[in-house]
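Here is a short tour of some backbone details and charged pairs for you to follow at your own screen. Keep the viewer open and click along.

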Amino acid sequence: SWVGDVQTLPGVQNLIRGEALHPLKTVHLEEWPSVRVYLEEELQKSAQTLAGKPLLLDHSMLIDGEVTGAQYEDGAIEYVARVNDSRILGLIKDGAIKHCSVEFEWKSLEHVNGVAPKGINFTGLSLLKNFAPGDPLSTVEVVEVWEGIIEQLKEAKNVRRSGHPDKSTVK
């Protein structure tokens with residue numbers, strides 16, 4: 001999967017990942033447009049614009065960190081982000097933060113059983129503690145096994161280069 005292409009980062013233990021948005025219809029009664037339809041082809045085109053964007057808590061508080069990568073895969077925009085706030089990481093591990101919400105701008109709106117944003121450019125990713133997500137399928141989880149996976153991949157690569165497999169080779 002594309003997540004394996006994310007570069008090794010300093011502070012790798014501070015990574016989170018999840019699914020930010022699926023092709024579906026959401027209802028936001030307090031916002032305009034209140035009914036939004038997210039089309040798969042628009043999410044595919046715009047997914048990578050989420051990379052490099054800031055993280056927020058409940059759409060209001062800036063979190064120290066950023067989205068490091070995003071792709072549309074397996075029916076959702078998947079993301080990896082770096083979080084440099086141990087309190088936020090603790091809230092994710094404890095299950096107080098389970099969902100996220102995207103922030104974006106659009107170029108145009110198309111009427112499709114609601115309003116479908118077109119030409120989406122993501123501007124941020126909000127981790128939700130005190131709010132229900134527009135997309136109930138969104139997820140947030142701490143990547144705790146990342147360091148182990150990187151070490152196993154490096155070891156396997158070194159063994160392959162040297163041509164001398166040993167008993168510790170990861171299969």
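The text below goes through backbone details and then salt bridges.

This is a predicted model, in which local features need pLDDT of at least 70 and side-chain atom pairs count only at pLDDT 80 or more, while totals for chains, interfaces and linings use all residues. Residues are numbered from 1 along each chain as its sequence is written, and side-chain values use heavy atoms, with hydrogens and water left out.

**Backbone details**

Let's begin with the peptide bond from Trp32 to Pro33, which is cis, with omega near -10°. Pro33 sits in the loop between strand S2 (25-27) and strand S3 (35-37). Helices (H or I, at least four residues) and strands (E, at least two) are DSSP runs, numbered from the N terminus.

Next, look at Asp58, a residue other than glycine whose phi is positive, near 50°. Asp58 belongs to the loop between strand S4 (54-57) and strand S5 (61-73). Asn113 also has a positive phi near 50° and is not glycine; its loop runs between strand S8 (108-111) and strand S9 (115-118).

A salt bridge is a side-chain nitrogen of Lys or Arg within 4 Å of a carboxyl oxygen of Asp or Glu. By this rule the model has six salt bridges, including these:

| Pair | Closest N and O atoms |
|---|---|
| Glu42 and Lys45 | 3.3 Å |
| Glu42 and Lys118 | 3.6 Å |
| Glu66 and Arg82 | 3.7 Å |

The salt bridge between Glu42 and Lys118 links distant parts of the chain, with Glu42 in helix H1 and Lys118 in strand S9, 76 residues apart. Glu42 and Lys45 are three residues apart in helix H1 (residues 40-46), so about one helical turn separates them. Glu42 is buried, at 4% relative accessibility, whereas Lys45 is exposed, with a relative accessible area of 63%.

Finally, turn to the salt bridge of Glu66 with Arg82. Glu66 lies in strand S5 and Arg82 in strand S6 (residues 76-83), so this pair ties together parts that are 16 residues apart in sequence. Glu66 is partly exposed, with a relative accessible area of 29%.

Conventions. Buried < 20%, exposed > 50% of the residue type's maximum accessible area, 1.4 Å probe, protein only.
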